[in-house]
Amino acid sequence: MGTYLNDESPPMADTFPIRRVDHVRFLVGNAKQAAYYYHKVFGFDIVGYHGLETGLKHEVDWLLEQGNTRFLFTAPSRPGHPLADQLRLSGDGVMDVAFEVDDVDWAFNAAVERGAKPAKEPWTLRDSRGEVRLAAIHTYGETLHTFVNRDKFSGKFLPGFEDRDVRGHSVGIEEVDHVVGNVELGHMNVWVKFYEQVLGFTQLISFDDKDISTEYTALMSKVMANGNGRVKFPINEPAEGKKKSQIDEYLEFYGGAGVQHIALLTHDIIRTVTELRDRGIEFLRVPATYYEALPQRVGQIDEAISELQDLGILVDRDEEGYLLQIFTKPVTDRPTLFYEIIERKGAKSFGKGNFKALFEAIEREQALRGTL
Ligand code: FE2
């Protein structure tokens, strides 16, 4: 059974203060085109650029924002870039989930002391607008956590970036709700321990293969959250099943562990999903029988079920309220990265009641790809 582990525990001291997810950084083959896609389709504003014209000689960075969500797209601009091998291996994907912290040096030193593998020692970027301190550690696969503090910087993002002001037509995305990692068989607890011991996270929920299994495939998942509860990282590993699970498929196509999906929070999921669908985003669909069983499963909700069914939005209820969620098909050529759109009406959980219908929908897609 999915189990809430901390319902009755007293609040614990935050042993690793993190303000928030500062930005998610994507390593891509063509950052200009990726930026255009997230701008035109997902409705992000293009707010910053750093590349050849601004003195960055080896790569191109585009910065996009919507609500409190900040995405950074990085592409190597020359052969021999240090990230070129990773790009060749994994294709486009998330390379860094960066945290805003009070004190970068403290965060880096504490993390390394507690067992994190250092990626980049603390360094300072400066321009006429002030300075920003950064450092980075490794997490699963080739993914990084960069620590950033810009308290002494008057610009929007980082020194060197040139401001851009290309407004997108917002779809109502507010912030990153959670970021899910897929790790290799037997490694989930290694990374659970990493987030506990190194970054002071606590485990909110655990799902075993009895919660998350269909006739064919299974996975295990634990949800970790940081001290202030604003950063939530579910971690999945494959479990034994009759056929290849979606997690195995991801690991094969990405070449290892990495970020599987990013859940984006909206306060009006019907509007957000309608806009995204009209702009060409493809969502996973569940059978009509899902909606026939819905009223009995979730009780009274504000939304019309016919409207949810038309869009393919899923609903789940927990002790504190309900949530609405929907999942895109992969947004990359490889079946790796996808998005969840989520609206929370009190519920703080992750949609356990939808797992079965959802994974059967994923398996239908896997069967089409010949990877089930
Ligand atoms: Fe999710």
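Ala, Val, Leu, Ile, Met, Phe, Trp, Tyr, Cys and Pro count as nonpolar, Asp, Glu, Lys and Arg as charged, and the others, Gly among them, as polar. By that scheme, the second largest cavity is lined by 6 nonpolar, 5 polar and 4 charged residues. The model is predicted. The protein splits into domain 1 (20-166) and domain 2 (172-369).

**Domains and their interface**

- The centres of domain 1 and domain 2, taken over C-alpha atoms, are 25 Å apart.
- Domain 1 brings 39 residues to the contact, and domain 2 brings 36 residues.
- The size of an interface is often given as the accessible area lost when the parts come together.
- Here, domain 1 and domain 2 bury about 3000 Å² between them.
- Carbon and sulfur atoms account for 64% of that buried area.
- How many salt bridges cross the interface of domain 1 and domain 2? The rule finds 0.

**Second largest pocket**

- The volume of the second largest pocket is about 690 Å³.
- Its lining comprises 27 residues.
- Nearest the centre of this pocket lie Arg 25, Glu 59, Met 95, Lys 120 and Trp 123.
- Six strands are named as giving at least two lining residues each: β2 (20-27), β4 (59-66), β6 (93-100), β7 (118-127), β8 (130-138) and β9 (144-149).
- Strand β7 has the largest share of this lining, with 4 residues.
- By class, the pocket lining holds 14 nonpolar, 7 polar and 6 charged residues.

**Largest cavity**

- The whole structure holds 5 cavities of 30 Å³ or more.
- At least two lining residues each come from β11 (173-182), β13 (218-225), β14 (232-239), β15 (258-266), β17 (321-327), β18 (338-345) and α9 (355-369).
- The lining of the largest cavity divides into 13 nonpolar, 7 polar and 1 charged residues.

**Second largest cavity**

- About 150 Å³ of space lies within the second largest cavity.
- It is lined by 15 residues.
- Closest to the centre of the second largest cavity are Glu 249, Pro 330, Phe 338, Ile 362 and Arg 369.
- Helices α5 (246-254) and α9 each contribute at least two residues to the lining of this cavity.

**Salt bridges**

- Side chains of opposite charge can pair when their charged atoms come close.
- A search of the whole structure gives 28 salt bridges.
- One pairs Asp 22 with Arg 150, with 2.8 Å between the closest N and O atoms.
- Asp 22 sits in strand β2 and Arg 150 in the loop between β9 and β10 (162-166), so this pair ties together parts 128 residues apart in sequence.

Conventions:
Residues numbered from 1 in each chain as written. Predicted model: local features only at pLDDT ≥ 70, side-chain atom pairs only at ≥ 80, totals over all residues. Heavy atoms only, no water. 1 Å grid on protein atoms, 1.4 Å probe; cavity = no way out; pocket = protein on both sides within 12 Å on 5 of 7 lines; lining within 4 Å. Points joined across faces, edges and corners; volume = space filled by probe spheres on them. Domains from an automatic or database assignment. Contact = heavy atoms within 4.5 Å. Buried area = accessible area lost by both parts, 1.4 Å probe. Salt bridge = Lys/Arg side-chain N within 4 Å of Asp/Glu carboxyl O.
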